[in-house]
Amino acid sequence: MASLQPVRGTHDLLPEDARRHRFITDMSRFIAGRFGFEEIVTPIFEFTDVFKRTLGDTSDIVTKEMYTFEDRSGDSLTLRPEGTAGVARAFISGALSNNLPLKFFYTGPMFRHERPQKGRLRQFHQIGVELLGVATPQGDIEAIALGAEVLRGLGVLDKTQLEINTLGDKESRDAYRAVLIAYFSDFADKLSEDSRARLERNPLRILDSKDDGDKRIVAGAPSFADHLTPAAQDFFAQVKAGLSLLGISFTINPRLVRGLDYYCHTAFEFTTDALGAQGTVLAGGRYDGLIGTMGGPQTPGVGWAAGVERLAMLIPEPPAAERPVAVIPVGSLAETVALQVTHALRKAGFIADLGYSGNLSKRMKRANKLNARFAVILGDDELARKAAMLRDLDSGEQAEVPLLELRDRLAQTR
RNA sequence: GCGGGUGUAGCUCAGUUGGUUAGAGCGCCAGAUUGUGGAUCUGGAUGUCGCCGGUUCAAUUCCGGUCACUCGCCCCA
């Protein structure tokens, strides 16, 4: 086994994997385009503060998962651990607030120093969308509908379930948080160690604990639904109604939460049971407070991100590579003609492969391995007649074709 | 970051109760077929038995460490 290994948690994408990824990014970009989302490309690293301010000082990502380094001018930079912060920063830097609403699609690598697992890498890839400037439930509905359409386009929608929840508005959440802390504090000594830490940082998370003891305590916890303001209830009702109107099925998961203060209203996740512990495939929510928190104008936003590697694992077969035409010279005289023919076919838009060496048999084997559709065989006999033997590699039939007609004959079969 | 499992050929895996030349299938290469691939047959090459150290006359096998992968937790895409 080779001793030269890639950095832990990083991964080479060999052509078959790369094709799978390209299919995912191309398809999602295309479908996002139908919804009016245009691609935005932001840098792969930002000033560390961009992520610290958006993700909060206590989040796991900021406290232990960022690839942060100092560059030669002494600035603290961080490889982006997620995509929203960069888009929000671009929105502020570019003073785009008078063009609202804005609809962005992005794709690219993200970096988190986590312990790798299946579906969890240190460099991974995401696709995502951000819809800025729409404060009404229409935005949430459109974002979720787009997510569902992307999954459908990829052929994986039926392998996922959509779960949604509401985090309410700030008023609802503050009230609920206080009630929750009061409730759980009574049980503090009985909670698991993890949950005791969550009581400080993010009490909502306790609701989703997998610890059996915690679950018993959670069962008696006050319900968020009882603390939603009428406005927040109405907002959520409209989101649900919109999804139903579009035929998007969902379940409500009251334990689906987001930790940071700027999240509000709708949180949603498309999950699968096919990927073990990393079941979340596409997830997002509304973040009306984010841009304001970063120092920009108060601007509502809703968006989601999806893991390309996780999506790739749900796609059983990668899309087939395009099938080439194999040009096969027989004898050294034919080599120069083969080079010309190959070049002409490439200029005409065909994928043409000119084997580099070997006799006819060997080159035919190579053509077969490349899954070539046709072989163009150039030997002395054919060349004497300014023709080539055109062999259909699927049927095994072959016929001589004048060189001048080769291009049109091949074009007919496309 | 915490706990468990695994690591033998390019891939999937057998095997060695510690003993001399470590195996299979698939794949790869060559030939049967010097102008015809896919099927078949014949032959060939695979390899620090993850890495480092310890115990031992002897370690791929036992022990320790380490690295990688993997499962769960945490968290997330």
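The legends below describe close-up views of a predicted model.

**View 1. Domains of chain A.** The domain assignment divides chain A into domain 1 (15–169 + 229–314) and domain 2 (325–412). Between the C-alpha centres of domain 1 and domain 2 the distance is 49 Å.

**View 2. A nonpolar surface patch with Ile44, Phe45 and Phe69.** Together these three residues, Ile44, Phe45 and Phe69, have about 250 Å² of accessible area. Ile44 belongs to the loop between β1 (38–39) and β2 (45–47). The relative accessibility of Ile44 is 34%, so this residue counts as partly exposed.

**View 3. The stacked rings of Tyr176 and Phe224**. The whole structure contains 5 aromatic pairs. In the pair Tyr176 and Phe224, the ring centres lie 4.5 Å apart and the planes meet at 15 degrees, which makes the pair stacked because planes under 30 degrees apart count as such. Tyr176 is in helix α6 (residues 170–185), whereas Phe224 is in the loop between α8 (212–219) and α9 (230–245); the pair thus links distant parts of the chain, 48 residues apart. Tyr176 and Phe224 are both buried.

**View 4. The tilted rings of Tyr183 and Phe187**. The ring centres of Tyr183 and Phe187 are 5.0 Å apart, with the planes at 50 degrees. Tyr183 has a relative accessible area of 18% and is buried, while Phe187, with 25%, is partly exposed. Tyr183, Phe184 and Phe187 are joined by ring pairs into a cluster.

**View 5. Arg373 and the ring of Phe374**. The charged end of Arg373 sits over the Phe374 ring, at 4.6 Å from the ring centre.

Terms used: Residues are numbered from 1 along each chain as its sequence is written. Chains are lettered from A and ligands numbered from 1 in the order in which they are written. This is a predicted model: local features need pLDDT of at least 70, side-chain atom pairs count only at pLDDT 80 or more; totals for chains, interfaces and linings use all residues. Side-chain values use heavy atoms; hydrogens and water are left out. Patches are made of residues with over 30% relative accessible area and no salt bridge: like charges are joined within 9 Å, nonpolar side chains (Val, Leu, Ile, Met, Phe, Trp, Tyr) within 5 Å. Accessible areas come from the Shrake-Rupley method with a 1.4 Å probe; for residues, only the protein chains shown count as cover. A salt bridge is a side-chain nitrogen of Lys or Arg within 4 Å of a carboxyl oxygen of Asp or Glu. Helices (H or I, at least four residues) and strands (E, at least two) are DSSP runs, numbered from the N terminus. Buried means under 20% relative accessible area, exposed over 50%, partly exposed in between (1.4 Å probe, protein chains only). Domain bounds come from an automatic or database domain assignment. Rings of Phe, Tyr and Trp (its six-membered ring) pair if their centres lie within 6.5 Å; planes under 30 degrees apart count as stacked, over 60 as edge-to-face and the rest as tilted. A charge sits over a ring if NZ of Lys or CZ of Arg is within 6 Å of the ring centre and within 35 degrees of the ring normal.
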